[in-house]
Amino acid sequence: MNRMERLEAVVAGKPVDRVPVSAWGHWYVEEQKAETFADKMLSFREEYDWDLVKVHSRASYHVEPFGFQIDPSNDPAVGHGLFHSPVRHAEDWFKLRPQPVDNEAFDEQMKVLELIRRGLPKDTPLIFTVFTPLDIADKMLDRHADVLFEHIKEAPEAVAYGLSVFSETLARFVRKVTEYGVDGFFFSTKWVNGSKLSTEDYRKLCLPHDLNMMSAAADLPFNIMHVCQNEVFLNSFHDYPVSIMHWDDNGKHNPSLRMGRQMTGLCSGGGVDSPTLARGTAHAVSDKAINAILENNGTGMILASGCSITTAKTPAENLRALREAPAKATALLEQGKAA
């Protein structure tokens with residue numbers, strides 16, 4: 001099987017020669033320029049022979065068109081700081097306006113995609129990251145979730161207006177990205193879990209904005225919904241245009257990959273948590289990865305970290321252990337059948 005065939009098969013729940021595997025995380029220094037970022041993404045894929053490339057762009061690209069400015073990091077292990085955000089108070093959401101899709105931050109991402117697609121093997125699926133509108137609002141506040149909670153409580157109509165602005169702008173952006181040969185989007189949210197919003201509250205506030213933003217990507221084969229943090233509510237997205245559900249199955253009170261498949265009917269993504277990849281042994285990584293594959297009988301899943309890895313602090317031997325786990329698990333499954 002080539003990489004595209006392998007991913008198509010697991011999404012469809014069909015047998016595969018081995019489960020697909022990949023990893024992703026921020027490259028804080030390189031991600032500041034399209035050329036250096038694309039080179040890093042391509043070299044990272046080639047070094048570990050990942051089955052798919054998930055473009056883990058600078059998170060602030062979502063909000064830079066609206067006036068958000070970063071203090072760039074020069075440390076590969078430290079994220080960018082905040083220089084300026086146009087939103088501080090609840091009434092500031094009403095000051096936002098939809099932005100044209102042709103802007104410096106979005107154009108930079110198009111350049112990244114063009115360079116990566118040109119350098120990728122033709123059979124390698126390419127996935128691009130887009131936050132959901134509420135997560136874009138969270139980023140606009142520099143991830144001060146407590147402030148966004150207060151805004152939602154005190155002025156829900158102001159926050160809803162901001163979400164409509166982000167949705168309108170990013171809907172056009174998603175449509176443009178589809179022209180660059182992507183095979184899916186990685187839609188990400190931190191806001192549907194036991195410490196944030198319930199399914200009912202999230203859908204009431206966010207559903208129309210999410211679906212509007214995603215609409216242009218609805219026909220792509222490998223859209224992924226990433227539900228971040230602990231005690232996630234996977235069933236919140238039963239009607240979203242995605243074929244893969246991704247979460248940290250090792251997180252507190254989170255379902256296993258097998259349970260998540262049963263809950264959603266979708267291909268599952270995860271298997272090894274980022275802390276184990278960063279600080280555990282290669283043996284621990286291999287054990288978690290193989291056990292996840294065996295639990296799912298070697299299909300219907302993508303092996304990956306449950307959330308983004310800390311690239312500057314994750315040992316190469318742990319990433320190699322992640323990459324080698326699918327073949328080892330397949331051998332164990334074959335031995336079980338033979339016995």
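Start by selecting Ser286, which sits in helix α10 (residues 282-295). Helices here are DSSP runs of H or I with at least four residues, strands are runs of E with at least two, and both are numbered from the N terminus. The model is predicted, so local features need pLDDT of at least 70 and side-chain atom pairs count only at pLDDT 80 or more, while totals for chains, interfaces and linings use all residues. Residues are numbered from 1 along each chain as its sequence is written, and side-chain values use heavy atoms, with hydrogens and water left out.

Is Ser286 buried or exposed? Ser286 counts as buried because its relative accessibility is 10%; buried means under 20% relative accessible area, exposed over 50%, and partly exposed in between (1.4 Å probe, protein chains only). Now show its contacts, meaning heavy atoms within 4.5 Å. Not counting residues up to four places away in sequence, Ser286 touches Ala321 and Lys328.

**Helix α1**

Next, select residues 3-11, which form helix α1. Its buried residues are Arg3, Met4, Arg6, Leu7, Ala9 and Val10. They pack against α2 (34-48), β8 (267-272) and β9 (301-305). At the N-terminal end, Asn2 caps α1, with a side-chain oxygen 3.1 Å from the backbone nitrogen of Met4. After α1 comes Gly13, whose phi is positive, near 75°.

**Helix α2**

Move to α2, which has 15 residues. From its first C-alpha to its last it reaches 22 Å, close to the 21 Å expected at 1.5 Å a residue; the expected span is 1.5 Å times one less than the number of residues. Colour Ala34, Phe37, Ala38, Met41, Leu42, Phe44, Arg45 and Tyr48, which are buried. Seen down the axis of α2, these buried residues fall within an arc of 160°, so they line one face of the helix. The arc is that of the directions from the helix axis to the C-beta atoms. On the other side of α2, Asp39, Glu46 and Glu47 are exposed. The helix is followed by Asp49, whose phi is positive, near 55°.

**Aromatic pairs**

How many aromatic pairs does a search of the whole structure find? The search finds 17. Rings of Phe, Tyr and Trp (its six-membered ring) pair if their centres lie within 6.5 Å; planes under 30 degrees apart count as stacked, over 60 as edge-to-face and the rest as tilted.

Because they are 4 residues apart in helix α2, about one helical turn separates them.

**The cores**

Finally, look at the largest nonpolar core, which has 92 residues. A nonpolar core is a set of buried Ala, Val, Leu, Ile, Met, Phe, Trp, Tyr and Cys residues joined through side-chain atoms within 4.5 Å. Which residues touch the most other members? They are Trp93 and Leu134. Helix α6 (residues 156-177) gives the most to this core, with 9 residues.

Select Leu134 and show what is around it. Leaving out residues up to four places away in sequence, Leu134 touches Leu148, Ile152, Val159, Leu163, Trp191, Leu197, Tyr202, Leu205 and Cys206. End with a second, separate core of 15 residues, which includes Met4, Val16, Ile127 and Cys267. Met4 is also one of the buried residues of α1.

Note on methods:
Polar contact = N/O pair within 3.5 Å; in protein donor to acceptor, adjacent residues only side chain to side chain.
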